[in-house]
Every structure is written in structure tokens, then in C-alpha cells.
Amino acid sequence: MPKLNQELAKKEITTWLDYKKIKPKKREEQSESVEMLVEAFMDGDLVLNEETFVLTQKLVWPLKDEDGKDSVMELNYKPRLRLADVKTKLTKVKTNDIQGMLLCYMSGLTQENSGLLATLDTEDYRLAQTITSFFF
């Protein structure tokens, strides 16, 4: 059973994209990503705080601490990203390392350590990657 119907899910992602001032051309170019985000809203894996525009991703597979206990259950993505948020992280990444750059951006958005984010399950990573793609 979906958490949001498709109409409400599309409204949520449109609200977020409008706040970010994502132009129609980029939305069209990333239409598959937009649809993935709509599905995540419908499934309840993604929630938008309409006051702060923070996106919250509820992890399907929570991240574990060194003792094997669940330590991170969700990721909160800031609605805006400044170069200063990722600049120091990017100095350690080669320009051809797309995964490394993506993790740096993801880390800047969520304030989580990129090493920890690298342990995301592929199911959770796919959604995280889609969200982060709107910041490139």
C-alpha cells in the first residue's frame, strides 16, 4: 500500500524541485530520476519537510556501527549545497573518480561521513545517488 498516492507524491517532488529552482529542461533531462523520487515518496522511503525543504530518506537497510548495531536509520539531505560544504572533501578525490565525487557531495548534503555512506546497501545508495544528482 503506497504511503502517498501518485498525485501527492508528484506534488512533493515538484515542491522540492521548485524550491531548488531546477529548470524545466533539467527536469526533463532527469525525468527518470524524478519518477524514481516520486516512487520513493509513494513507498514512504522519502519524506519532504515542507518548512525546511529537507528531504529525509528512510533507509531500507540501516547503517551499522562497529558493534553491528543499527546506527543510522535515515539520511537527511539539506536543500542547498555550497561549494564550501564539499570543497575540502573533494581535494582528496581524483577528478575521474565519479563515485568518490558523488560520495563527497552526498556527505556534504547529509553531514554523514563519506566512509560511512560508502557502506550503504545498493538499494539505499540508488535513491541517495538520485537525490544527489540534482546538486551537480
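Helix 4 (residues 83–90) of this predicted model has three buried residues to start from: D85, V86 and L90. They lie on the same side of helix 4 because the arc they cover around the axis is only 105°. Helix 5 (98–110) is included in what covers these buried residues.

**Helix 4**

- The face turned away from the buried side of helix 4 carries the exposed residues L83, A84, K87 and T88.
- An α-helix has 3.6 residues a turn, so residues three or four places apart point the same way.

**Strands 1 and 2**

- Strand 1 (residues 46–48) pairs with strand 2 in the antiparallel sense, over 3 bridges.
- Across this pairing, L48 stands opposite L55 in strand 2.
- The hairpin of strand 1 and strand 2 has 6 residues between the strands, and F53 takes a positive phi near 65° there.

**Strands 2 and 3**

- Strand 2 also pairs with strand 3 (residues 70–77), again in the antiparallel sense, over 6 bridges.
- In this second pairing, L63 stands opposite V72 in strand 3.
- Between strand 2 and strand 3 the hairpin has 5 residues, and G68 takes a positive phi near 85° in this hairpin.
- In a regular strand the side chains alternate between the two faces of the sheet.

**Largest pocket**

- The space in the largest pocket comes to about 180 Å³.
- Helix 3 (31–43), strand 2 (55–64) and helix 7 (122–132) are the elements that each give two or more residues to the lining of this pocket.
- The lining of the largest pocket consists of M36, E39, A40, D43, D45, Q57, K58, V60, E123, D124, R126 and L127.
- By class, the lining residues of the largest pocket divide into 4 nonpolar, 1 polar and 7 charged.

Definitions and conventions:
Residues are numbered from 1 along each chain as its sequence is written. This is a predicted model: local features need pLDDT of at least 70, side-chain atom pairs count only at pLDDT 80 or more; totals for chains, interfaces and linings use all residues. Side-chain values use heavy atoms; hydrogens and water are left out. On a 1 Å grid over the protein atoms alone, a cavity is a set of points where a 1.4 Å probe fits but cannot get out, and a pocket is an open set with protein on both sides within 12 Å along at least five of seven lines; lining residues have an atom within 4 Å of a point. Grid points are joined across faces, edges and corners, and a volume is the space filled by probe spheres set on the points. Helices (H or I, at least four residues) and strands (E, at least two) are DSSP runs, numbered from the N terminus. Ala, Val, Leu, Ile, Met, Phe, Trp, Tyr, Cys and Pro count as nonpolar, Asp, Glu, Lys and Arg as charged, and the others, Gly among them, as polar. Two strands pair if DSSP finds at least two bridges between them. Buried means under 20% relative accessible area, exposed over 50%, partly exposed in between (1.4 Å probe, protein chains only). The arc is that of the directions from the helix axis to the C-beta atoms. Contact means heavy atoms within 4.5 Å.
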